[in-house]
Amino acid sequence: MSRPFWMRHLRREFHQVLDLLVLTASFGVAYLLRFDFEVPADYQHRALIQAPVVVLLQLLILHFSGVYQFVWRYVGMSEVRTFVRGGLYSATPLLLLRLGLPDSYTSWRIPMSIILIDSFCAFAGVLGLRVFRRSIHERFERRRHAGDRGRSRERTPVLLAGAGSAGVVAVKELIGRGGDLEPVGFVDDDPEKRGTVIQGLKVLGTTDDIPRLAGELDVEQVIITIAATNSDTVRRIVEICERGGIEVRIIPGLYEILSGHVSVSRIRDIQIEDLLGR
């Protein structure tokens, strides 16, 4: 159910108030860092004059760059670029004023070091707010699902074969939906992924390590989560699992998932088409 308009508006206003506090604090921090926390009296006066203009400019940049249309809990790398551009867009006119105004306008000529420090702190700060909000949301979701699992039937531990794009989508779906499957880690034949952590799950080894890992982790099932599988890869993983007496299943291809034709939750058994090629 979508939130009422007034609630969405209130939340947006609350976010803007938080941003205002962060931007104001960042400007003060920039002056403190510039003068080693001993700001001369005349510069304190200049800072009080400059702060409203700088903060208003930065708020306008945030607004027109579309930041307030972002959903906090889904902020990712594509949104980070918007914040970086925002910092550049806000610093540029301030630098031009610094270089273009005559010396008689000292109150409006912000030192270049302060412009640079403030731009970094301000937009890193407002981005940090959103990252913090997302981390809190994800932690809450994990605890909620952990509580649901504790009250429901025991879940089946599974290994995910493939720590790429489809694997990321799959683990998000499995953790988010709850259900009866509990992903405990990845296996992937890319040596550079060994030991890395993806969505909170570690890449524990290669597909050849499946029998050993299954014994150590009490895994009874392996799910193939490779975006572009071929029959040879599927057949090899199936043979490894069969030798260890491990059930193996597969999810649809990543393109099928993203196009909306099928869902990640439609994990299915291996079919003859998977082994022979489509």
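A residue is called buried under 20% relative accessible area, exposed over 50%, and partly exposed in between (1.4 Å probe, protein chains only). The model is predicted, so local features need pLDDT of at least 70 and side-chain atom pairs count only at pLDDT 80 or more, while totals for chains, interfaces and linings use all residues. Residues are numbered from 1 along each chain as its sequence is written, and side-chain values use heavy atoms, with hydrogens and water left out.

The chain contains 9 helices and 7 strands. These are DSSP runs numbered from the N terminus (helices: H or I, at least four residues; strands: E, at least two). Of the 278 residues, 36% are buried. Contacts (heavy atoms within 4.5 Å) were examined between residues at least 6 apart in sequence, and 67% of them join residues at least 24 apart. The accessible surface of the chain is about 16,200 Å², with 59% belonging to carbon and sulfur atoms. Areas come from the Shrake-Rupley method with a 1.4 Å probe, and for residues only the protein chains shown count as cover.

Helix α2 spans residues 41-64. Its 24 residues reach 35 Å from first C-alpha to last, close to the 34 Å expected at 1.5 Å a residue. The expected span is 1.5 Å times one less than the number of residues. The helix bends by about 35° at Q50, and the proline P52 follows within four residues. The bend is the angle between axes fitted to the seven residues ending at a residue and the seven starting there. Q50 is buried, as are R46, A47, A51, V54, V55, Q58, I61 and L62 of α2. An α-helix has 3.6 residues a turn, so residues three or four places apart point the same way. G66 follows α2 and has a positive phi, near 90°.

Positive phi also occurs outside glycine. F37 has a phi of about 65°. F37 lies in the loop between α1 (5-34) and α2, and is exposed because its relative accessible area is 58%. D218 has a positive phi near 60°. D218 sits in the loop between α6 (210-217) and β5 (221-224). At 58% relative accessibility, D218 is exposed.

A170 belongs to helix α5 (residues 165-177). A170 is buried because its relative accessibility is 1%. A170 and P183 are 13 residues apart in sequence, and their C-alpha atoms are 9.5 Å apart.

The structure holds 0 disulfides (pairs of cysteine sulfur atoms within 2.5 Å). C121 is partly exposed, at 22% relative accessible area. C241 is buried, at 0% relative accessibility.
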